[in-house]
Amino acid sequence: MDDDIDHALDAVGPRLRGLRRQRETTLAELSVTTGISVSTLSRLESGTRRPNLELLLPLARAYGVTLDELVGAPPTGDPRVHLRPVSRHGMTMVPLTRRAGGIQAYKLVIPAGSRRRVPDAKTHEGYEWLYVLNGRLRLVLGDKDLVLAPGEAAEFDTRVPHWFGACDAEPVEFLSLFGTQGERAHLRARPRPEPRPGGAA
């Protein structure tokens, strides 16, 4: 039993690091959110600090996951998936997978008129696949400016500068699969139309 507990606690650090990278959050930002010092957060992720309830509770709250997910508790036999939406960067993210690490699935919703019109491209390790359910998604990927309509998908290496937002005044709903590895990107989207004279799209 003690070995099982030690194994579960040893796995907490990689889970915390994986969650933080998926949320594109720095240790400093997480420290402000949770009230836990940067050095303690760093030691938790590296495994040199033993996690306890006082530290795990605010981290679970910040990431929108359960304590069971943080410590990798075995399933209880309840088949229901309790989805907890998380708000990040003006979007609502609904995690569709329950474990940290490996491929992560999300449903994302960008409300109408809530995203910046000027893209602020980011890069990070990983690989992402997007599929649009409703609305039109604007994807800026490197030097490409693309529009994805419902039923269209895009896949790309997230080390390429990227940004996405609503293409127009309508809300956008899309699925995202994110992992640490993937094949070469294959884009399936139309280039964004050039603006007409006078500023009309």
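Let me begin with a term: a salt bridge is a side-chain nitrogen of Lys or Arg within 4 Å of a carboxyl oxygen of Asp or Glu. The model on the screen is a predicted one, in which local features need pLDDT of at least 70 and side-chain atom pairs count only at pLDDT 80 or more, while totals for chains, interfaces and linings use all residues. Residues are numbered from 1 along each chain as its sequence is written, and side-chain values use heavy atoms, with hydrogens and water left out.

How many salt bridges does the structure hold? There are seven salt bridges, and I will take some of them in turn. In one of them, Glu173 pairs with Lys107, and their closest N and O atoms are 3.0 Å apart. This pair links distant parts of the chain, since Glu173 sits in strand 9 (residues 172-179) and Lys107 in strand 3 (residues 104-110), 66 residues apart; helices (H or I, at least four residues) and strands (E, at least two) are DSSP runs, numbered from the N terminus.

Another salt bridge joins the side chains of Lys122 and Asp120, at 3.4 Å from N to O. Lys122 has a relative accessible area of 42% and is partly exposed, and Asp120 is partly exposed at 36%.

Arg136 forms a salt bridge with Asp168, and the closest N and O atoms are 3.2 Å apart. Arg136 lies in the loop between strand 4 (127-134) and strand 5 (137-141), and Asp168 in the loop between strand 8 (162-166) and strand 9, so the pair ties together parts that are 32 residues apart in sequence. Arg136 is partly exposed at 33%, and Asp168 is partly exposed at 28%.

Now to the interior. A nonpolar core is a set of buried Ala, Val, Leu, Ile, Met, Phe, Trp, Tyr and Cys residues joined through side-chain atoms within 4.5 Å. The largest such core has 18 residues, and those that touch the most other members are Ile110, Leu137, Leu139, Leu148, Phe164 and Phe174. At least two residues of this core come from each of strand 2 (91-95), strand 3, strand 4, strand 5, strand 6 (144-148), strand 7 (153-157), strand 8 and strand 9. A second, separate core of 16 residues includes Ile36, Leu41, Leu44 and Leu59.

Staying with strand 9, Gly179 lies in that strand and counts as buried, at 2% relative accessibility. Gly179 and Ala105 are 74 residues apart in sequence, and their C-alpha atoms are 9.0 Å apart in space.

I will stop there, and I am happy to go back to any residue.

Methods
Buried means under 20% relative accessible area, exposed over 50%, partly exposed in between (1.4 Å probe, protein chains only).
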